[in-house]
Amino acid sequence: MDENIKSVVDKWLNSNIDESDKESIKALIESGNDTELTDSFYRELEFGTGGLRGIMGIGSNRMNKYTVGSATQGLANYIKGQFANEQVSVAIAHDSRNNSRFFAQIVSDIFSANGIKVYLFDDLRPTPELSFAIRELGCKSGIVVTASHNPKEYNGYKVYWDDGAQIIEPHDNLIIEEVRKITSFDQINFKANPELIESIGEEIDEKYLDAVSKLSLSPEAIKNQSDLSIVFSPIHGTGITLVPKILERFGFDNVTIIEEQSEPDGNFPTVVYPNPEEKEALTLALEKAQAIGAELVMATDPDADRVGIAIKNETGGFSLLSGNQTGALLIYYLCLKWKENGKLDGSQYVVKTVVTTELIKDIATYFGVDCFDTLTGFKHIAGLIKKLEGQRTFIGGGEESYGYLIGDFVRDKDAVASCAMIAEMAAWAKDNDKSLNELLDEVYSQFGMYQEDLISLTKKGKSGAEEIVQMMHTFRSNPPSKLANSEIEWLIDYQDSTAKNLLSHSEEKINFPKSNVLQFVTKDGSKVSMRPSGTEPKIKFYISVRSGSDSERDFEEERQLLNNKIAKIKEELNLL
């Protein structure tokens, strides 16, 4: 056993952790599985800029009572320091994952033990409702226990501040400092004060659903198309609690729920991964939609902050839309309806992330609506909303990873509201004698066809983390000169805040927080973005290519040409 790992293991065995957990560590040692032992103890589970996420199990690099406890005690210390002499409160929610309720209770116990009032949801709830509850109840912070769409072995938690958004600068780094001060489990106060823990549930549900209902822009279209056939799957997650309710409130009365995936279950037994970005996760929903002649399929991830959709295509089958396509359609619909309703006066704006399709910016510009870019992660979108609050009006925003927000009463991506507005958009299109597929073609005809692809390379463990670092270093120090026969014009590096024009040899500063993101932009408008994932052992490559606008184009031919271009870029970057 490596001496450093042995030192950490011994520290755990000699601490005051439960005897059953000490036995688990001894069993791991005796198993002879050095790889698992190393990965469990070679580092501390990082409390990152959004919170915690990791594989569940015993060890310093695992999600368990002690790593969660250390993070929560550090956060409690920070909150008390920020709001000294105040009676502060926090809201706690959790998803359907294994141990999520257990971790939510541990978190609640520690906060209450530290004299902090806790509003704990009585059962699983969508992440966006946690954001809403923080704002509604006047909380200073909040936590949702979730690992989003990660595999079933994972859990985690996301930390929110008083605006209902995930923590950003300076709080994120200051909280990390407090968490690092917890060097012994003896510093964690696990002794709950039950008088400070209050159960919440239905009353917050009602207020949240009322707020989402007010987003509706086409009530007459829904009235005319109330029997629009919709198939919905919560993929064993929290979407089951509120998505059917909001669709009913909006006026949709022909919603079919995938029964096999309606029961919350942290093992996600009917899918490989509970990720609505993956076609496999929508298999049952697509089969049901085909069988009953549905027009729209929607599926949410375990904590219901992301939604994937499929729409009826010209052949009578179903096409899965990418996060970029769904986001572009939503922004088009929102801007169009705001314009038709006489609500655009120049103060409105939409937001996307730097790795999300530029089609959204093209659409917003056409309608006279500003489009702002942020770094990847919805906390940055929420941070901009907070900055512009009282000065500008936020219409909507999103990111390519299937997360969208409409309105600003929630400050994180919201699949519940998104499902409602996607369904309304489909009803509006049908009321105007077109399908969503035809609407997307119209958008492409007007603004040009965009095609995007995401390549995620999984690099597990210590060696994988080192490989990711080396890949980013290589692309920075030795970038290609061309991609798909087009010269790279711009190299944008968010880590050193520079945009370098490789053709004119000029350089500009960019006004973004530093982040390990690198972009290549070619003369013909193609864009490749790369970054290590902040929540998974992956490095991600986002490829975007486009063609000009043309109302007479052959879409299939154009799509194939763009896909060929993406394939060539993948080959040139050794991503195949």
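Q: Which element gives the most to the lining of the largest cavity?

A: In this predicted model, helix H12 gives the most, supplying four residues to that lining. Two or more residues also come from each of S14 and S15.

Q: Which residues line the largest cavity, and how do they divide by class?

A: A cavity is a space where a probe fits but cannot get out. Here the lining consists of Gly327, Leu330, Ile331, Leu334, Gly397, Gly398, Tyr404, Leu405 and Ile406. By class, six of the lining residues are nonpolar, three are polar and none is charged.

Q: How many cavities of 30 Å³ or more does the structure hold, and what is the volume of the largest?

A: The structure holds one cavity of 30 Å³ or more. The volume of the largest cavity is about 40 Å³.

Q: In what order do the strands of the open sheet stand, and which are at its edges?

A: The order is S13-S12-S14-S15, four strands with mixed pairing. Strand S13 (370–374) and strand S15 (403–406) are the edge strands; each has a single partner, so one side of each lacks a neighbour in the sheet. From one strand to the next, the twist averages 20°.

Q: In what sense do S12 and S14 pair, parallel or antiparallel?

A: Strand S12 (residues 348–353) pairs with strand S14 (residues 393–399) in the parallel sense, over five bridges. Lysine 352 stands opposite glycine 398 in S14.

Q: What is the volume of the second largest pocket, and which residues are the closest to its centre?

A: A pocket, in contrast to a cavity, is an open set of points. The second largest pocket has a volume of about 510 Å³. It is lined by 23 residues, of which Glu44, Ser70, Val179, Ile182 and Thr183 are the closest to its centre.

Q: Which helices supply the lining of that pocket, and what classes of residue are found there?

A: At least two lining residues come from each of helix H1 (3–13), helix H4 (65–82) and helix H7 (171–180). H4 provides the largest share, four residues. The lining of the second largest pocket comprises eleven nonpolar, seven polar and five charged residues.

Key
Residues are numbered from 1 along each chain as its sequence is written. This is a predicted model: local features need pLDDT of at least 70, side-chain atom pairs count only at pLDDT 80 or more; totals for chains, interfaces and linings use all residues. Side-chain values use heavy atoms; hydrogens and water are left out. Two strands pair if DSSP finds at least two bridges between them. Axes are lines fitted to C-alpha atoms, for helices over the stretch in contact, and angles run from 0 to 180 degrees between N-to-C directions. On a 1 Å grid over the protein atoms alone, a cavity is a set of points where a 1.4 Å probe fits but cannot get out, and a pocket is an open set with protein on both sides within 12 Å along at least five of seven lines; lining residues have an atom within 4 Å of a point. Grid points are joined across faces, edges and corners, and a volume is the space filled by probe spheres set on the points. Ala, Val, Leu, Ile, Met, Phe, Trp, Tyr, Cys and Pro count as nonpolar, Asp, Glu, Lys and Arg as charged, and the others, Gly among them, as polar.
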